Amino acid sequence: MGFFITFEGVDKAGKSTQIRLLAKRFQEMGKAVLCTREPGGTPLGEEVRELVMKNRAENIADETELLLFSASRAQLLRERIWPALEEGQVVLCDRFADSTTAYQGYARGMDLAFIRQLNQFALGNRWPDLTILLDLTVEESFARLDNVLKATAADSDRFEIEGRRFHEAVRNGFLQIAKENPRRFVTFSAAKPVEELADEIWSAVSRRFL
């Protein structure tokens with residue numbers, strides 16, 4: 001059986017970069033690695049991602065948003081993650097169920113007890129073996145996003161355009177989730193240089209699995 005590591009944090013905390021660097025280290029050891037993301041990771045999940053992330057004239061109800069994320073997650077687990085783990089692969093996922101708790105629970109104000117039940121249903125009680133939280137201040141998150149948008153002329157998604165109060169609630173939500181799950185979570189400062197942070201993450205992962 002393989003092991004399952006998720007990366008969480010506010011926007012532009014560097015999750016995709018650190019996933020790429022961690023995957024490279026595992027691959028250099030000869031381990032098979034599946035890198036995936038939420039929402040998405042499957043054809044169906046990518047369609048859900050387009051529905052829920054893109055800015056659109058039609059307002060998406062909070063309840064709809066919550067259920068779409070959960071549907072994408074259930075498909076990803078059953079189609080990609082579980083089979084990879086059974087084959088002994090390392091699975092690295094950019095966001096997972098904790099993002100739903102932070103964004104839809106703490107930031108949108110939806111019922112946390114219901115979200116826990118929904119997560120359990122979608123996950124089949126298969127939580128990650130390790131969750132890496134990349135903590136970043138909202139000010140730095142906004143600054144990084146602004147730099148990306150200026151450099152690429154990309155459009156912001158539905159969550160990136162939310163206000164400071166929303167993103168503060170997301171960050172505080174992640175920190176609270178980590179506090180409540182100390183055996184699963186390891187928290188790092190995402191403000192550190194990329195390579196230094198990658199080394200710290202590798203040390204934590206090595207102690208846990210190697």
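**Strands, cores and pockets in a predicted model**

Let me begin with the sheet. Strand 2, residues 33–37, runs parallel to strand 3, and five bridges join the two. Within that pairing, Cys35 has Leu92 of strand 3 as its bridge partner.

Residues 90–94, which make up strand 3, pair with strand 1 over five bridges. Here Phe4 has Val91 as its bridge partner in strand 3. Strand 1 in turn is joined to strand 4, residues 130–135, by five bridges, and these two strands also run parallel. In that pairing, Ile5 stands opposite Leu130 of strand 4.

How many of the residues of strand 1 are buried? Seven of the seven, from residue 3 to residue 9, are buried, so strand 1 is largely enclosed by the rest of the structure. In a regular strand, side chains alternate between the two faces of the sheet. For strand 1, one side carries Phe3, Ile5, Phe7 and Gly9, the other carries Phe4, Thr6 and Glu8, and all of them are buried, leaving both faces covered.

Strand 3 is likewise mostly covered, with five of its five residues buried. Val90, Leu92 and Asp94 point one way from strand 3, Val91 and Cys93 point the other way, and all are buried.

Phe3 is found in strand 1. Its relative accessible area is 12%, and because the cut-off for buried is under 20%, Phe3 counts as buried. Which residues does Phe3 contact, leaving aside its neighbours within four places in sequence? They are Phe26, Leu85, Gln89, Val90, Val91, Asp129 and Phe209. Phe3 and Ala84 are 81 residues apart in sequence, while their C-alpha atoms lie 9.3 Å apart in space.

In soluble globular proteins, nonpolar side chains tend to be buried together. In this model the largest nonpolar core has 37 residues, and those with the most contacts inside it are Ile5, Leu22, Phe26, Ile132, Leu134 and Ile201. Apart from this core lies another, of 13 residues, among them Leu76, Ala84, Cys93 and Ala122. To return to Leu134, its contacts, not counting residues up to four places away in sequence, include Phe7, Glu8, Gly9 and Val10, as well as Lys15, Phe188, Leu197 and Ile201.

The largest share, four residues, comes from helix 1. By class, the cavity lining has five nonpolar, one polar and one charged residues.

The open sites come last. The largest pocket holds about 700 Å³ of space. It is lined by 30 residues, and the closest to its centre are Asp11, Lys12, Lys15, Asp94 and Arg95. At least two lining residues come from each of helix 1, helix 2 (43–53), helix 3 (62–86), helix 4 (97–107) and helix 8. How does the lining of the largest pocket divide by class? It comprises ten nonpolar, seven polar and 13 charged residues.

About 250 Å³ of space lies in the second largest pocket. The residues lining this second pocket include Asp98, Thr101, Tyr106, Leu112, Arg116, Trp127, Ile177 and Arg184. Two or more of its lining residues come from each of helix 4, helix 5 (112–123) and helix 7 (164–180). Helix 5 provides the largest share, four residues. The lining of the second largest pocket divides into four nonpolar, four polar and four charged residues.

To close, I return to two residues. Asp94 is one of the buried residues of strand 3, and Asp94 is also among the residues closest to the centre of the largest pocket. Thank you for your attention.

How values were computed. Residues are numbered from 1 along each chain as its sequence is written. This is a predicted model: local features need pLDDT of at least 70, side-chain atom pairs count only at pLDDT 80 or more; totals for chains, interfaces and linings use all residues. Side-chain values use heavy atoms; hydrogens and water are left out. Buried means under 20% relative accessible area, exposed over 50%, partly exposed in between (1.4 Å probe, protein chains only). Two strands pair if DSSP finds at least two bridges between them. Ala, Val, Leu, Ile, Met, Phe, Trp, Tyr, Cys and Pro count as nonpolar, Asp, Glu, Lys and Arg as charged, and the others, Gly among them, as polar. A nonpolar core is a set of buried Ala, Val, Leu, Ile, Met, Phe, Trp, Tyr and Cys residues joined through side-chain atoms within 4.5 Å. Contact means heavy atoms within 4.5 Å. On a 1 Å grid over the protein atoms alone, a cavity is a set of points where a 1.4 Å probe fits but cannot get out, and a pocket is an open set with protein on both sides within 12 Å along at least five of seven lines; lining residues have an atom within 4 Å of a point. Grid points are joined across faces, edges and corners, and a volume is the space filled by probe spheres set on the points.
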